[in-house]
Amino acid sequence: MLLVGLTGGIGSGKSTVAALLRQRGAVVVDADVIARQVVEPKTPALAALVDRFGEQILGSNGKLDRAKLAELAFATEESRRALEAITHPAINEEFTRQMLAAPPDAIVICDVPLLAESDQARNRGYPVVIVVESPIEVRLDRLEQRGITREDALRRISAQASDEERRELATILIDNSGDLSALTERVGQVATELEAIRVNSDQAH
């Protein structure tokens, strides 16, 4: 098994790269999806959040009201730490479970948006890290097409690690400044490279 960290700033095209690698047979473990799964109704993490922040964080359907939770959890440093103490272990446990469930000869793409920002994510020690990059103007255009205002997009981008910080982690860099066909071609090259690394790694063991 080859574990690969995949990251990139908002609007970089990281999710598209993950989807293209999945099409080529990789197993994708998505941190954002897991973060939603672990706080679904009837989960221990959601029960713990209600204990800490109150039933006001639940919508009328019994599901987590993310906006309300964010409002309460990010009000103080103490409440933010309380949120992380509940959610991070649950996310990490499910992340590990999904990684270990992959076939022994799989290439497992760990899609981690905040790989550069999270000590816990970095400490997983990925043998290969793919960083997806796009120029800021291209990212802003993509985010506007998603309905995110330019002002909000700039605020989100500035809250994340810089391109330079992400680049320091990169084993493989994917430039996504072109169109989808160019990205698909580049991902094809990367998939071939990952398979070669996996085979060499298996032979070394």
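A salt bridge joins the side chains of Glu 71 and Lys 68, with an N to O distance of 3.4 Å; the term denotes a side-chain nitrogen of Lys or Arg within 4 Å of a carboxyl oxygen of Asp or Glu. The structure is a predicted model, in which local features require pLDDT of at least 70 and side-chain atom pairs count only at pLDDT 80 or more, whereas totals for chains, interfaces and linings use all residues. Residues are numbered from 1 along each chain as its sequence is written, and side-chain values rest on heavy atoms, with hydrogens and water left out.

Both Glu 71 and Lys 68 belong to helix 4 (residues 66–73), where they are three residues apart, about one turn of the helix. Helices are DSSP runs of H or I with at least four residues, strands are runs of E with at least two, and both are numbered from the N terminus. Glu 71 counts as exposed because its relative accessibility is 51%, whereas Lys 68, at 23%, counts as partly exposed. Under the cut-offs applied, buried means under 20% relative accessible area, exposed means over 50%, and partly exposed lies in between (1.4 Å probe, protein chains only).

In total, 14 salt bridges are present in the structure. Another of them connects Arg 166 with Asp 163 at 3.2 Å, N to O. These two residues lie in helix 9 (residues 163–167), again three residues apart, about one turn of the helix. Arg 166 is buried at 2% relative accessibility, while Asp 163 is partly exposed at 24%. In helix 10 (residues 180–204), Arg 198 and Glu 195 are likewise three residues apart, and their closest N and O atoms are 2.6 Å apart in a salt bridge. Arg 198 is buried, with a relative accessible area of 12%; Glu 195 is partly exposed at 32%. A network of salt bridges links Glu 77, Arg 80, Arg 81 and Glu 84.

The chain is divided into domain 1 (1–25 + 105–199) and domain 2 (33–103), with bounds taken from an automatic or database domain assignment. The C-alpha centres of the two domains lie 24 Å apart. Ten residues of domain 1 are in contact with six residues of domain 2, contact meaning heavy atoms within 4.5 Å.

The largest pocket has a volume of about 1,700 Å³. Of its 44 lining residues, Asp 32, Ala 35, Phe 74, Pro 113 and Leu 114 are the closest to its centre. On a 1 Å grid over the protein atoms alone, a pocket is an open set of points where a 1.4 Å probe fits, with protein on both sides within 12 Å along at least five of seven lines, and lining residues have an atom within 4 Å of a point. Grid points are joined across faces, edges and corners, and the volume is the space filled by probe spheres set on the points. The largest pocket lies between domain 1 and domain 2, because both give residues to its lining. Several helices supply at least two lining residues each, among them helix 1 (14–23), helix 2 (31–37) and helix 8 (150–159). Helix 5 gives the largest share of the lining, eight residues. By class, the lining has 19 nonpolar, 13 polar and twelve charged residues; Ala, Val, Leu, Ile, Met, Phe, Trp, Tyr, Cys and Pro count as nonpolar, Asp, Glu, Lys and Arg as charged, and the others, Gly among them, as polar.
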